[in-house]
Amino acid sequence: MNRIDCIATAKRATDGAHMYLWSKGPFQYEIEVFENDYFNEALESNNFTCDYSEAKSKFEDMAEDGTCSLVVPYSYSLD
């Protein structure tokens, strides 16, 4: 079973779009950007390999005022 975990949410500094940081496995992360809260189609998606602190730092660099909300962990199964 493939599993992804939502780690954090924020609004993008450039346009206020909703961003989500996902953990997709060991050292595998994704930042998804959506135009609204309804998870229509992602405006952009960036997959990368790094450690957690680097992934969180990249996410915070894109966020308004450099702040993000860490979420209560939940998982989404791809199967």
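Analyst: Let's begin with the terms for strands. Helices (H or I, at least four residues) and strands (E, at least two) are DSSP runs, numbered from the N terminus, and two strands pair if DSSP finds at least two bridges between them. With that in hand, we can look at strand β3, where Phe 34 is the bridge partner of His 18.

A word on the source: this is a predicted model, in which local features need pLDDT of at least 70, side-chain atom pairs count only at pLDDT 80 or more, and totals for chains, interfaces and linings use all residues. Residues are numbered from 1 along each chain as its sequence is written, and side-chain values use heavy atoms, with hydrogens and water left out.

Strand β3 covers residues 28-34. On one side, β3 is joined by seven bridges to β2 (residues 18-25), and the two run antiparallel. The hairpin of β2 and β3 has two residues between the strands. Phe 27 has a positive phi of about 60° although it is not a glycine.

Strand β3 also pairs with β4 (residues 44-49): six bridges join them, again in an antiparallel arrangement. In this pairing, Gln 28 stands opposite Thr 49 of β4.

How covered is β3? Six of its seven residues are buried. Here, buried means under 20% relative accessible area, exposed means over 50%, and partly exposed lies in between (1.4 Å probe, protein chains only). As a general point, side chains in a regular strand alternate between the two faces of the sheet.

Next comes the nonpolar core, a set of buried Ala, Val, Leu, Ile, Met, Phe, Trp, Tyr and Cys residues joined through side-chain atoms within 4.5 Å. The largest one has 14 residues, and those that touch the most other members are Met 19, Leu 21, Tyr 29, Ile 31, Phe 48, Ala 55 and Phe 59. At least two residues of this core come from each of β1, β2, β3 and α1. A second, separate core has five residues, including Ile 4, Cys 6, Tyr 20 and Trp 22. Back in the largest core, contact (heavy atoms within 4.5 Å) links Ala 55 to Leu 21, Tyr 29, Phe 48 and Cys 50, leaving out residues up to four places away in sequence.

Now for the loop between β1 and β2, where Arg 12 is found. Arg 12 counts as buried because its relative accessible area is 10%. Leaving out residues up to four places away in sequence, Arg 12 touches Ala 17, Met 19, Val 33, Leu 43, Glu 44, Met 62 and Glu 64.

Asp 15 sits in that loop between β1 (3-11) and β2 too. Asp 15 is partly exposed because its relative accessibility is 47%. Its side chain makes a polar contact with the side chain of Arg 12 at 2.7 Å. A polar contact is a pair of N or O atoms within 3.5 Å; within protein, one must be able to donate a hydrogen and the other to accept it, and residues adjacent in sequence count only if both atoms are side-chain atoms. A polar atom of the Asp 15 side chain also lies 3.0 Å from the backbone nitrogen of Ala 17. Finally, Asp 15 and Glu 35 are 20 residues apart in sequence, while their C-alpha atoms are 9.2 Å apart in space.
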